[in-house]
Amino acid sequence: MILFSCFSLNIGILFFYKYLDFFFLNLNKVLSRIHFTQVENPFSFILPLGISFYTFKVLSYLMDNYRGKIDAEKNLLKYAAYVAFFPTMVSGPIDRAISTIPQITESKNFRFENVKHGLWLMLWGYFQKVVIADRLALMVNEVFNNQEIYVHSGVIGIVASFFYSFQIYCDFSGYSDIAIGAAQVLGFTVSENFRRPYFAKSIVDFWKRWHISLTTWFRDYLYIPLGGNRVSKIRHFLNIMIVFIVSGLWHGAGWNFIFWGFLHGSFQIIEKILTPIFQTKIHNMKTYGTFGFKTAQTLFTFCLVNFAWIFFRSESLEHAFTFIRGIFRFNPSLLFNANLFTFGMDRTNFEITIFSLLILFVVNWLQRDQSSLREKIDNQPLWFRWMLIIGCIFFILVYGIYGPSYDVNQFIYSGF
């Protein structure tokens, strides 16, 4: 009863701030269709920063305590420090109390290695955010926010959707690296949140690499309690769909987010249905396991993920479908009379973008053997490490997107 009350209170607060407007909006649509008087929402509050993240931290604490994995924390200050741990409070990673509270309790000693490696991570995170993500946003925002462009976007829409895939990755991965690095400087270990997701060879593999702390949260506290895969096949597929629809709703109060979750749930279900059917035939193919076959798997997975991101970025479900239709309603004059470099990004910014994405690809490729970026750097000569540091700082200061002349973006996931 106490657990239920605590869950209801926390979810109720989240619903009040994040979903009440969405609830009243859809309620009024239903009432208007059946000719009932519409209900006004008497409340209108600004969404508290990071509420979805620290609500999930509280819920995981409650569940772990109920399951006997951790003891109840009697020190309110330590508990508050866990919930409001400032490096991760705004956009995660969503760490568990079982790993964080003991670190708050133990004494901290200065360690040069922690500071060095933490600053390295932060530097790489800032590079991803201000050099890559915010520069990609120049074109992404121009195309997605301008109906005159996206209703007949053609190749422009395809480029903008690809750019958004890398924008949201660099934005969120950049924040995670900054948060993990800042925590490491302070002597805390925070869990990994990304593991080269666009190198995934399937949708299942993608979700083992993307927003890992959220994926494992849903696995442990929703998917497994629902029965996981230890039930009938139909129930298993239903469990997958429930998890991804809830995940979509967690990301935002909108039907476009729910449909984004539905798409990823559908991709996973289709993948699980087709894999046993084609597994034997594929394994017998001469090309199976070759570089070309793996590359094709990766590109196909990326295209599916990229398609789903259109719904995530769009303001509404209608906007997303209009954008997709615009890709197939190619207007040659839109491209040839204007050219690519008029859509929020000039030639210089485009060239910097391509070069920066190549750096991103190389860094991710170097970690393909599961080794960390820190290990790769530590194995290099001192002069090479300093060259990397100076070069990265130079790029951030010179080619970062700053100032009133640009619509500088906040971190995307801080809005969730």
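**Figure 1. Overview of the chain.** The chain folds into 18 helices and zero strands. The model shown here and in the close-up views is predicted. The chain has 416 residues, and 48% of them count as buried. Its accessible surface comes to about 21900 Å². Carbon and sulfur atoms make up 66% of that surface. Among the contacts with a separation of 6 or more, 75% are between residues 24 or more positions apart.

Figure 2. A pair of aromatic rings is described by the distance of the centres and the angle of the planes. How many aromatic pairs does the structure hold? The count is 55, and F144 with Y164 is one of the pairs. The two ring centres are 6.3 Å apart. The planes meet at 50°, so the pair is tilted; an angle under 30 degrees would count as stacked, and one over 60 as edge-to-face. F144 belongs to helix α6 (residues 112–144) and Y164 to helix α8 (residues 155–185), so the pair ties together parts that are 20 residues apart in sequence. Are these two residues buried or exposed? F144 is buried, with a relative accessible area of 1%. Y164 is also buried, at 3% relative accessibility.

**Figure 3. The aromatic pair of W207 and W260.** The rings of W207 and W260 form an edge-to-face pair. Their centres are 5.9 Å apart, with 65° between the planes. The pair links distant parts of the chain, 53 residues apart. W207 is in the loop between α9 (203–206) and α10 (212–223), while W260 is in helix α12 (residues 255–283). Both tryptophans, W207 and W260, are buried.

**Figure 4. Lysines over aromatic rings.** Two places are shown in which a lysine lies over a ring. K18 lies over the face of W250, at 5.4 Å from the ring centre. At the other place, the charged end of K57 sits over the ring of Y82, 4.9 Å from the centre of that ring.

**Figure 5. Surroundings of T100.** T100 lies in helix α5 (residues 97–105). Its relative accessible area is 5%, so T100 is buried. Which residues does T100 touch, not counting those up to four places away in sequence? They are Y82 and D95. Y82 is also the residue whose ring has the charged end of K57 over it.

**Figure 6. Salt bridges of K129.** Side chains of opposite charge can pair when their charged atoms come close. The count for this structure comes to eight salt bridges, and K129 takes part in the bridges to D134 and D171. Between D134 and K129, the closest N and O atoms are 3.0 Å apart. Between D171 and K129, the distance from N to O is 2.6 Å. K129 has a relative accessible area of 5%, under the 20% limit, so K129 counts as buried. D134 is buried as well, at 3%, and so is D171.

**Figure 7. Salt bridges at other places.** The side chains of E192 and R195 meet in a salt bridge, with 3.1 Å from N to O. E192 is partly exposed, with a relative accessible area of 40%. R195 is partly exposed too, at 29% relative accessibility. Elsewhere, R96, R219 and D220 are linked in a network of salt bridges.

**Figure 8. A nonpolar patch on the surface.** Which residues form this nonpolar patch? They are I270, I273, L274, I277 and F278. Together they have about 440 Å² of accessible area. I273 lies in helix α12, the helix that also holds W260. At 40% relative accessibility, I273 counts as partly exposed, whereas W260 is buried.

**Figure 9. L299 and A200.** L299 has its place in helix α13 (residues 291–313). With a relative accessible area of 52%, L299 is exposed. How far apart are L299 and A200 in sequence and in space? In sequence they are 99 residues apart, and in space 8.8 Å, from C-alpha to C-alpha.

Conventions: Residues numbered from 1 in each chain as written. Predicted model: local features only at pLDDT ≥ 70, side-chain atom pairs only at ≥ 80, totals over all residues. Heavy atoms only, no water. Phe/Tyr/Trp six-rings, centres within 6.5 Å; stacked < 30°, edge-to-face > 60°. Helix = DSSP H or I, 4+ residues; strand = E, 2+ residues; numbered from the N terminus. Buried < 20%, exposed > 50% of the residue type's maximum accessible area, 1.4 Å probe, protein only. Lys NZ or Arg CZ within 6 Å of the ring centre and 35° of its normal. Patch = residues over 30% accessible without salt bridge, like charges linked within 9 Å, V, L, I, M, F, W, Y side chains within 5 Å. Areas by Shrake-Rupley, 256 points an atom, 1.4 Å probe, with all protein chains shown as cover. Salt bridge = Lys/Arg side-chain N within 4 Å of Asp/Glu carboxyl O. Contact = heavy atoms within 4.5 Å.
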